[in-house]
Amino acid sequence: MRKIYLSILAIVCWTMMSVAAFAIDVIVVSHGQANDPFWSVAKNGVDSACKDMKISCKYTAPGTFDMVEMAKLIDNAVSQNPKGIVITLPDAAALGKSVKAAIAAGIPVISMNSGSDDFASLGISAHVGQTEFEAGVGGGQKMKAAGGKKALCVNHEVGNVALDRRCAGFKKGFGGPVEILGTSNDVTEIEKAVAAKLGGVDTILTLGAGLSGEAALKALEAAGKVGKIRLGTFDMSPNMLKAAAAGKVEFLIDQQQYLQGYLPVVIFAQYIRWGTMPAGVVMTGPGFVTPDNASKVIKWAAQGYR
């Protein structure tokens, strides 16, 4: 009997250790794929924080920008009962039910990147990122000060509320006529769409450096209008940083997506250990990378931190 008891005890202990080994502390559900130049940096932040904090994490995202699929991923995360869930919030209406279900299940949620205007209404504890409308206003003011009179705002992810707010803020800060150009996230389509609009504008703002930013720059280069039409973009990519350092781009609006991935994990690590939780928006931007400081940022971008 004693041998049987010890065998059963050993099996129980092994099972508990196995469950603990495979338990996930924090699940990240993003609308951005980790192979995207922007989101790969955010995922680097997640991975670094998990390693530094010595907790287990999982990064998930739909294959394309798909709110139905993202809601399912949040529901799946809830079913795994982690100690915390980090989400992006590009569409509060589409994701609200799933977010509230997570909170009702006793799982705290932190939003990052998108959702600075909506997170509190869903009961989310804190948001890590920048306020999109205000960042757009800053970009518009800079373009106005540079002499811009008529602008194009290129939205490569139609339906993402955060990007809508960027264009709206830009329009307010710019003060003059701003046309919103909606495209897909296909760089060839973006380049063609921008090229078709070059005759009527002197200013372009794109909402993602690695996609619409680089595509718009190619359109300007092909038309021989680099420097004649001002170009600015949200976020950064290695190629756009080089373009800024060369004076081809007015500015890159830096929201520091590495921190957007890193900080929520750190917050949850402290919450798991001590029960601490910030309130409101933990700001990571906006900052402006210009031809004056771009060269200093390039080396960090090459290492996946900017």
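## A walk across a parallel sheet

In strand β2, T60 is the bridge partner of V29. This is a predicted model, in which local features need pLDDT of at least 70, side-chain atom pairs count only at pLDDT 80 or more, and totals for chains, interfaces and linings use all residues. Residues are numbered from 1 along each chain as its sequence is written, and side-chain values use heavy atoms, leaving out hydrogens and water.

Let's step back to the sheet. Its 6 strands form an open sheet with parallel pairing, in the order β2-β1-β3-β4-β5-β11. Because β2 (57-60) and β11 (280-283) stand at the edges with a single partner strand each, one side of each has no neighbour in the sheet. On average, neighbouring strands are turned by 20 degrees against each other, direction ignored. Strands here are DSSP runs of E with at least two residues, and helices are runs of H or I with at least four, numbered from the N terminus. Two strands pair if DSSP finds at least two bridges between them.

Here are some of the pairs:

| Pair | Sense | Bridges |
|---|---|---|
| β1 and β2 | parallel | 4 bridges |
| β4 and β5 | parallel | 4 bridges |
| β5 and β11 | parallel | 4 bridges |

Now for strand β5 (residues 126-129). A126 and V128 point one way, H127 and G129 the other, and all are buried (under 20% relative accessible area, with a 1.4 Å probe and protein chains only). In a regular strand, side chains alternate between the two faces of the sheet. V128 in β5 stands opposite M112, while H127 stands opposite V281 in β11.

Technical notes:
Axes are lines fitted to C-alpha atoms, for helices over the stretch in contact, and angles run from 0 to 180 degrees between N-to-C directions. Buried means under 20% relative accessible area, exposed over 50%, partly exposed in between (1.4 Å probe, protein chains only).
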